[in-house]
Amino acid sequence: MKKLKVKLRIIALGFSVLAINAPAQSVDSTKIENNFFQSIRANQIDSYITFGQGFGNLEPLIFEGLISPYFLLRTSRDARWGATVSPTIMLRMEAEESFPVQAPSYMPNITFYHQISRTSENVKYLFLTVKHHSNGQYESFYNADGTINTVSGDFSTNFLELGAFFNKPVLPFSNTREYFRTSLEYHVNIGRSEELEGIYSFLRWHNSIRIFRFPIPKSTLKWLGYRSQSAQVQTNIQTTWMFGDINNASFFDLEERCNLSLTMSYRPRVLSDVGLFARFYSGKDYYNMQFMRRINVLSFGIQAYAFK
């Protein structure tokens, strides 16, 4: 019976990821989606499921899953303002008896966008994100022995993220598109676990570059009358630098302050909405109460594409 429940969980999660960000428009409608809203889609987080825990220092897992659908809000196709809403959830299923699921990370968020560029080719916009991160638990932050209660301890924080996003040709290829993103994240002292003081960074600087490779060069696509197509290969490089008091670490302590992520994904021709990915991550664990440990993981899995 337990094995049946586990199989049903995995199947249900799989269908959720396959359904996330499924194309809501026909191919002809891509002619009228402007570059501003295409860039907003490129700024979204891709949902994924990993195959096990990968290679590194994570505990044995059946999978790690990120479910991050988003709803794009706009008043017209040519608007210079936009917004997205997402009820993001991350969870890990452990490879132990009864296959328990760790307390999920609940990360609902809303983001506002404003286009500041005047040209349609190289889009630039500012964005502001309001986000919550908690694990839905209410027990003590610390165990009786003074260690952090990573199983059922209460983790909660809220933050604002202000940044800029723009696309600019860098690589000498006609069938690639590059997007750059930089932002500052500040955790406000509202609804925040008091125990995070001194051990968790409340100010973070994020930078990333995403490169999409398309099967048809831009010139050919424009000649056909379309503005967009599905990318076959995607590369995403992300860095985070954490400021503030973190376990009395020095300012240049890379182990405590620097996170690095490199993801490469490929969408086979037989799959329209998902692709295969490989990701290397080195940095603080991003899974709620596990934030104290540093992980180095090479993982593999499938992901749904937020950018069409």
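1. Start with W241, which sits in strand β11, residues 233-243. (Strands here are DSSP runs of E, at least two residues, numbered from the N terminus, while helices are runs of H or I, at least four residues.) W241 counts as buried because its relative accessibility is 17%, buried being under 20% relative accessible area, exposed over 50% and partly exposed in between, with a 1.4 Å probe and protein chains only.

2. A word on what you're looking at: this is a predicted model, where local features need pLDDT of at least 70, side-chain atom pairs count only at pLDDT 80 or more, and totals for chains, interfaces and linings use all residues. Residues are numbered from 1 along each chain as its sequence is written, and side-chain values use heavy atoms, with hydrogens and water left out.

3. The chain's average pLDDT (the predictor's confidence in each residue, from 0 to 100) is 84, and 79% of the residues reach at least 70. Go carefully with residues 1-32, where pLDDT is below 50, though the model gives that stretch 43 contacts beyond near neighbours in sequence. Contact means heavy atoms within 4.5 Å.

4. Back to W241: setting aside neighbours within four places in sequence, its contacts include W205, F251, F252 and R257. S201 is 40 residues away from W241 in sequence, with 9.4 Å between their C-alpha atoms.

5. Then have a look at R92 in strand β5, residues 81-94. R92 has 0% relative accessibility, so it counts as buried. Its side chain makes a polar contact of 2.8 Å with that of E64, and another of 2.9 Å joins the side chains of R92 and D285. (A polar contact is a pair of N or O atoms within 3.5 Å; within protein, one must be able to donate a hydrogen and the other to accept it, and residues adjacent in sequence count only if both atoms are side-chain atoms.)
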